[in-house]
Amino acid sequence: MDPISRQAILDRIRKATAGGAPDVAGSYAGLERSYVRSGKLGADDRIALMIERLREYDAEVVETAPDSLAEAIQEQLAASGRRRFVAPEGLPAEWLAEGFEWKIDHGLSTAEVEQAEGVVTNSFCGIADSGTIVLHHSAAEGRRIISLLPDWHLCVLRASQVVETLPEYFARCSEAPVLATYISGPSATADIEMTRIKGVHGPRFLHVVVERDEPR
């Protein structure tokens with residue numbers, strides 16, 4: 001670009017912005033928000049919708065009471081036929097069932113994570129409307145890599161964490177998460193000749209234990 005053209009462009013920018021920068025924050029706050037911002041379902045119907053959506057996505061779902069959560073996790077692990085699992089460093093100790101080989105993620109290498117047959121994590125939230133589980137990768141949810149590389153993922157979702165709509169999820173975020181992973185069923189794609197293939201971007205198998213920690 002020759003100097004004359006460049007100067008002409010800069011002159012136009014200065015002229016267009018002569019009044020100063022617009023009040024972006026004020027303009028955003030003044031936007032009309034007529035979309036649905038909260039759900040209308042009761043607790044039982046909200047959980048039922050979440051489970052229905054998950055099963056539509058081909059995820060396995062079981063419900064359990066808080067006092068039998070560890071037992072439900074152990075049953076799912078045993079039924080999987082797998083023995084080697086990776087777990088976040090902040091996962092509750094009682095969830096690490098006996099009889100299995102556990103690799104606790106204190107900075108495991110990619111190769112070490114790949115050797116695991118499955119992973120067990122906690123979760124931050126569930127969105128019933130879309131059947132989406134959200135991980136914010138806290139100490140009990142683990143690094144993103146351990147929820148993507150193993151072929152089998154067991155995720156614990158508390159009923160009290162389930163909201164009906166996406167805006168309700170954002171309302172639960174006191175601040176924007178540094179990193180979030182949104183899981184809507186096992187990893188699958190139909191990009192190639194419309195043939196559904198599982199496991200392309202993450203685990204082929206998703207199992208969810210819903211802990212009914214709310215009064216029913």
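**Pocket, salt bridges and surface**

Tutor: The lining of the largest pocket is made up of eight nonpolar residues, eight polar residues and no charged ones, where Ala, Val, Leu, Ile, Met, Phe, Trp, Tyr, Cys and Pro count as nonpolar, Asp, Glu, Lys and Arg as charged, and the others, Gly among them, as polar. Please keep in mind that this is a predicted model, in which local features need pLDDT of at least 70 and side-chain atom pairs count only at pLDDT 80 or more, while totals for chains, interfaces and linings use all residues. Residues are numbered from 1 along each chain as its sequence is written, and side-chain values use heavy atoms, with hydrogens and water left out.

Student: Which residues lie nearest the centre of the largest pocket?

Tutor: Ile183, Gly185, Ser187, His201 and Gly202 lie nearest the centre, out of 16 lining residues. On a 1 Å grid over the protein atoms alone, a pocket is an open set of points where a 1.4 Å probe fits, with protein on both sides within 12 Å along at least five of seven lines, and lining residues have an atom within 4 Å of a point.

Student: And how much space lies in the largest pocket, and which element gives the most to its lining?

Tutor: The space in the largest pocket comes to about 230 Å³, a volume being the space filled by probe spheres set on grid points that are joined across faces, edges and corners. Strand 9 gives the most to the lining, with three residues; helices (H or I, at least four residues) and strands (E, at least two) are DSSP runs numbered from the N terminus.

Student: Switching topic: how many salt bridges does a search of the whole structure find?

Tutor: The search finds eight, a salt bridge being a side-chain nitrogen of Lys or Arg within 4 Å of a carboxyl oxygen of Asp or Glu. Arg212 pairs with Asp44, with 2.9 Å between the closest N and O atoms. Arg212 lies in the segment after strand 12 (205–211) and Asp44 in helix 3 (residues 43–56), so this pair ties together parts that are 168 residues apart in sequence.

Student: What else is linked with Asp44 and Arg212 in a network of salt bridges?

Tutor: Glu63 is linked with Asp44 and Arg212 in that network, and the closest N and O atoms of Glu63 and Arg212 are 2.7 Å apart. Glu63 is in strand 1 (residues 60–64) and Arg212 in the segment after strand 12, so here the parts tied together are 149 residues apart in sequence.

Student: Is Arg212 buried or exposed?

Tutor: Arg212 counts as buried, at 12% relative accessibility, whereas Asp44 at 38% counts as partly exposed, and so does Glu63 at 40%. Buried means under 20% relative accessible area, exposed over 50% and partly exposed in between, with a 1.4 Å probe and protein chains only.

Student: Which residues form a nonpolar patch on the surface?

Tutor: Ile9, Leu10 and Ile13 form one, with about 230 Å² of accessible area together, by the Shrake-Rupley method with a 1.4 Å probe and, for residues, only the protein chains shown as cover. Patches are made of residues with over 30% relative accessible area and no salt bridge, like charges being joined within 9 Å and nonpolar side chains (Val, Leu, Ile, Met, Phe, Trp, Tyr) within 5 Å. Ile13 sits in helix 1 (residues 3–16).
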